[in-house]
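Subject: Structure for your files, with notes

Hello,

Please find the structure below. My notes on it follow.

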Amino acid sequence: MATEDPKTNNGNNPVPAPEQAPAPAPVVVPTLPPYPELIMAAIESLNEQNGSNKSSISRQIEATYGNLPPAHSTLLTHHLNRMKATGQLVLLKNNYMKPDPNAPPRRGRGRPPKPKPALPAGYVPPPPRPRGRPPKSKDPLAPAAPPKRKEAPPPSAGSGRKRGRPPKMPKTGAAAPVAVPTGPPRGRGRPPKVKPPVPSAATTVGA
């Protein structure tokens, strides 16, 4: 009698389905509190007398929570600057600390405004003065002034001659005769100097 191979399927026994590997459990990322709370808690935990700098606050937050977003440094800088601008933190020599509640309020820039005197009850302030110079008051019984005539501008200092070169005027009368050169035409350039005659040798001996 032939033995049955358990791997073969003769139609009577169904082949069991392969076992699937269990799916990995999802990684649970702890939810971080808002960054202002993280910063305040880190400063309170460090409890430094002169405040804590950015690196100390970042290390304290990382040691407390561990898993931080990739942009942790950018977010920390943004919220530190925002909390400093709103007065939640005070920056002193690159150290952040909580403001002292007993400290006097900071004086604003510029000269403080002068105190205004108290106004009596029922006082209505006058309307604001319009811009510009107020018009002169006219006398209703005064005669109407004649219209002003436009005066010619005063002559400018000088001879009164117009600016620029005057146009050429055509010459009147008979034209002067023009001398016509005679002889061979003159060459270009300066003429050569005339050299004195050199005495010959016969004339020198006879003398």
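Leaving aside residues up to four places away in sequence, serine 52 touches Leu46, Ile57, Asn95 and Tyr96. This is a predicted model, and everything that follows should be read with that in mind. Serine 52 sits in the loop between α1 and α2, the latter spanning 54–65. Its relative accessibility is 1%, so serine 52 counts as buried, the cut-off being under 20%. The side chain of serine 52 also makes a polar contact, at 3.2 Å, with the side chain of glutamate 48.

Not counting residues up to four places away in sequence, serine 58 touches His72 and Leu76. Both His72 and Leu76 belong to α3, and they are among the residues of that helix that meet α1.

Now the helix packing. Two packed helices are described by the angle between their axes and the distance between the axes.

For α1 and α2, the angle is about 100° and the axes are 9 Å apart. The two helices are therefore roughly perpendicular to each other, since angles of 65 to 115 degrees fall in that class. On the α1 side the contact is made by Leu38, Ile39, Ala42, Ile43, Ser45 and Leu46, and on the α2 side by Ser56, Ile57, Gln60, Ile61 and Tyr65. Sorted by class, these are eight nonpolar residues, three polar and no charged. Leu46 and Ile57, which take part in this contact, are also among the residues that serine 52 touches.

Helix α1 (residues 35–46) also packs against helix α3 (residues 72–86), at an angle of about 80° and with the axes 10 Å apart. That angle makes α1 roughly perpendicular to α3. Which residues of α1 and α3 meet? From α1 they are Tyr35, Pro36, Ile39 and Met40, and from α3 they are His72, Leu75, Leu76, His79, Leu80 and Met83. The contact of α1 with α3 divides into eight nonpolar residues, two polar and no charged.

Next, proline 99. Proline 99 is placed in the loop between β2 (95–97) and α4 (201–206). Is proline 99 buried, partly exposed or exposed? Its relative accessible area is 37%, so proline 99 is partly exposed. Proline 99 touches Gly87, Gln88, Leu89 and Val90, again not counting residues up to four places away in sequence. Between proline 99 and lysine 84 there are 9.9 Å in space, C-alpha to C-alpha, for a separation of 15 residues in sequence.

Finally, the protein as a whole. The protein has four helices and two strands, which follow the pattern α-α-α-β-β-α along the sequence. Among contacts between residues at least 6 apart in sequence, 47% join residues at least 24 apart.

Regards

Methods. Residues are numbered from 1 along each chain as its sequence is written. This is a predicted model: local features need pLDDT of at least 70, side-chain atom pairs count only at pLDDT 80 or more; totals for chains, interfaces and linings use all residues. Side-chain values use heavy atoms; hydrogens and water are left out. Axes are lines fitted to C-alpha atoms, for helices over the stretch in contact, and angles run from 0 to 180 degrees between N-to-C directions. Angles under 35 degrees count as roughly parallel, over 145 as roughly antiparallel, 65 to 115 as roughly perpendicular and the rest as oblique. Contact means heavy atoms within 4.5 Å. Ala, Val, Leu, Ile, Met, Phe, Trp, Tyr, Cys and Pro count as nonpolar, Asp, Glu, Lys and Arg as charged, and the others, Gly among them, as polar. Buried means under 20% relative accessible area, exposed over 50%, partly exposed in between (1.4 Å probe, protein chains only). A polar contact is a pair of N or O atoms within 3.5 Å; within protein, one must be able to donate a hydrogen and the other to accept it, and residues adjacent in sequence count only if both atoms are side-chain atoms.
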